[in-house]
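Reader: I'd like to go through the labels used for this model and hear what each one rests on. Could you walk me through them?

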Amino acid sequence: WLDHPLYRVEGQKILYRELGALTEAIEAAAAGDRSVGDFSRFTKLANHFEDQDAPKRVGEWVDDYMNRGGGLPALDAACAEYLRRHRVAPSFSAPGAWWGAAAEVTEKL
């Protein structure tokens, strides 16, 4: 985790490299500092769709996979259909995509 792009975001109060900094953050949060642990600037990275419909999408994807008979070809087809149906760019599922997206987004913050 020490290489995570969020560490590079100035002013982030989510990840701490040193115990002293974490202790200070805990004390600040206990005193009412609501910025400690605030992930709102990064929600797009963790929730691509920014909604609460993940269970529905996953259910549709599982149904699609099962209706195709299972196995690797069905998995590939169900994944491709998921990406198409939800207009997800192929780069989203590329190896290291989350970290790449995080680095791209955090550079703009």
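This is a predicted model: local features need pLDDT of at least 70, side-chain atom pairs count only at pLDDT 80 or more; totals for chains, interfaces and linings use all residues.

Reader: Why is Arg68 called partly exposed?

Author: Its relative accessible area is 40%. Residues are numbered from 1 along each chain as its sequence is written, and side-chain values use heavy atoms, with hydrogens and water left out.

Reader: How do you know that Arg68 and Asp64 meet in a salt bridge?

Author: The rule asks for a side-chain nitrogen of Lys or Arg within 4 Å of a carboxyl oxygen of Asp or Glu. Here the N to O distance is 2.8 Å, so the pair qualifies. Asp64 itself is buried, at 12% relative accessible area. Elsewhere, salt bridges with shared partners tie Glu60, Glu81, Arg84 and Arg85 into one network.

Reader: How many salt bridges are there by this rule?

Author: Six. One of them joins Asp33 and Lys13 at 3.3 Å, N to O.

Reader: What makes that pair a link between distant parts of the chain?

Author: Asp33 is in the loop between helix 1 (19-30) and helix 2 (43-46), Lys13 is in the segment before helix 1, and they are 20 residues apart. Helices here are DSSP runs (H or I, at least four residues), numbered from the N terminus. Both ends are partly exposed: Asp33 at 26% and Lys13 at 31%.

Reader: What makes Trp61 and Tyr65 a stacked pair?

Author: A pair of aromatic rings is described by the distance of the centres and the angle of the planes. Rings of Phe, Tyr and Trp (its six-membered ring) pair if their centres lie within 6.5 Å; planes under 30 degrees apart are stacked, over 60 edge-to-face and the rest tilted. The structure holds one aromatic pair. In it, Trp61 and Tyr65 are 6.2 Å apart, centre to centre, with 10° between the planes, so both tests are passed and the pair is stacked. They sit four residues apart in helix 3 (residues 54-67), which means a separation of about one helical turn.

Reader: How do you know which residues of helix 3 meet helix 4?

Author: Contact means heavy atoms within 4.5 Å. On that basis, Arg57, Glu60, Trp61, Asp64 and Tyr65 in helix 3 meet residues of helix 4, including Gly71, Ala74, Leu75 and Arg85.

Reader: Why is His86 called buried?

Author: Its relative accessible area is 19%, so it falls under the cut-off of 20%. His86 lies in the loop between helix 4 and helix 5 (97-108). Leaving aside neighbours within four places in sequence, His86 is in contact with Phe49, Arg57 and Glu60.

Methods:
Helices (H or I, at least four residues) and strands (E, at least two) are DSSP runs, numbered from the N terminus. Buried means under 20% relative accessible area, exposed over 50%, partly exposed in between (1.4 Å probe, protein chains only).
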